[in-house]
Amino acid sequence: MPFASLLQARADGEAPWRQMVRTLVAVALCWIIGEATGLDETIWALITALIVTQSSIDQTFATARDQIIGTLVGAVVGTLAITARLVLGFYWPIFCIALLPLAYMAAVRPSLRFAGVTLMIVYLLPSHGSNPYWPLTERLTAIFLGVIVSLVVSFVVLHASARRRGFLTAGRMFREMDELLQAALGRQEMWSELEARNDHCARNLLVINECVAEAYRENWGLLEKRHPILTVLPALMRRMLSDTMLVARAINAGKDRGGFSGVAGLHTGLSHAYRSLARRCEIHAAGKAHDKPYRPGREDVLSALPTLGQDALPEMHFVIALLRQDLRRATDVLMSTPESRAKDLRDMIGK
């Protein structure tokens, strides 16, 4: 197995272990802080840490955001419900009335699902002492403690580079697109099998999008300055996958017609471009893209791009020209200088 594939498999396999360790650390820290500060409702900090802590920073942020918004909404409704209970003397009718709008809000906007949970925590659970509002304060404090600890742990404990994983996934995707095109040009597989390959590549594209979102969190919004190529990587890979599948469809549609001879010979030059771009992505993943000149370079890739003969089908001329154009763009983007700006790279790929 190639070294890059080993790195990718390792990165994919680390996610469950990373989340497990982060969750245990977050729960332990919440318990220690709760005990040290004398927090009576520490259990809610532990439960919150268990819910909020995820394997990626972006997922942790999203869950934390939902938890905070839901907690605030539930706390307001819970405070009103407690006040109504003290004034009117009813218990269950007031709870049902308070829960109705929260249940509707959770159905319309799932991110508010924690509002109903918070209402139950502050209203249904028994309170101690003469002040009925004090348990609400303690429980909300514990919930926010769990959120804060989870966010800190996500940044500090087993921090994984989303940039590295994004480029490794892009490199793997280039190699899979190369295999897809080879199968299409060689007419080795049925169309359903080529579609299955495309679906697998599309799943990699989703991973790249997740990695970019994660990298924005890791870089505190400065990703476009620090790693501009990564910001345009999803658009670039989406375009390359679309072109590859377009060529595969044209080959499949025209394989029984005249003008198909010579198409299979295109693979050598196209494969060289795909593999070179895959290698370039792996160099970016290692953080060595600008350390020294690497081969094959830009001109090596572009000079190897093949052209069709005049006897080829018109639709094949069109799709191959489209693929060649976007391979040139991909080469220019992935082999751009460190001073390149994200805006210029977007313009380069026509986004």
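Modeller: Before we start, a salt bridge here is a side-chain nitrogen of Lys or Arg within 4 Å of a carboxyl oxygen of Asp or Glu. Also, this is a predicted model.

Colleague: Thanks! With that in mind, how far apart are the closest N and O atoms of aspartate 344 and arginine 341?

Modeller: They are 3.2 Å apart, and aspartate 344 forms a salt bridge with arginine 341.

Colleague: Is aspartate 344 buried, exposed or partly exposed?

Modeller: Aspartate 344 is partly exposed, with a relative accessible area of 33%.

Colleague: How many salt bridges turn up in the whole structure?

Modeller: A search finds 15. One of them joins glutamate 299 to arginine 298, with the closest N and O atoms 2.6 Å apart. Glutamate 299 is exposed at 52% relative accessible area, while arginine 298 counts as partly exposed at 30%.

Colleague: And what about arginine 279, which residue does it form a salt bridge with?

Modeller: Glutamate 282, and the closest N and O atoms of that pair are 3.8 Å apart. Both residues are in helix H11 (residues 267-285), and because they are 3 residues apart there, about one helical turn separates them.

Colleague: Which residues are linked in a network of salt bridges?

Modeller: Arg65, Asp66 and Arg113 are. In general, side chains of opposite charge can pair when their charged atoms come close.

Colleague: Switching to helices: at what angle do H3 and H5 pack?

Modeller: Helix H3 (residues 57-88) and helix H5 (residues 113-123) pack at about 40°, and their axes are 6 Å apart. The two helices are therefore oblique to each other, and H3 passes H5 in a right-handed crossing.

Colleague: What classes of residue make up the contact of H3 with H5?

Modeller: There are 10 nonpolar, 7 polar and 3 charged residues in that contact.

Colleague: Last one. Where is threonine 169 found, and is threonine 169 buried or exposed?

Modeller: Threonine 169 is in helix H7 (residues 162-185). Its relative accessibility is 0%, so threonine 169 counts as buried.

Colleague: What does the side chain of threonine 169 reach?

Modeller: The side chain of threonine 169 reaches the backbone oxygen of arginine 165, at 2.8 Å.

Definitions and conventions: Residues numbered from 1 in each chain as written. Predicted model: local features only at pLDDT ≥ 70, side-chain atom pairs only at ≥ 80, totals over all residues. Heavy atoms only, no water. Axes fitted to C-alpha atoms, helices over the stretch in contact; angles between N-to-C directions. Helix = DSSP H or I, 4+ residues; strand = E, 2+ residues; numbered from the N terminus. Parallel < 35°, antiparallel > 145°, perpendicular 65-115°, else oblique. Left-handed = near helix turned anticlockwise from the far one by under 90°. Nonpolar A, V, L, I, M, F, W, Y, C, P; charged D, E, K, R; others polar. Buried < 20%, exposed > 50% of the residue type's maximum accessible area, 1.4 Å probe, protein only. Polar contact = N/O pair within 3.5 Å; in protein donor to acceptor, adjacent residues only side chain to side chain.
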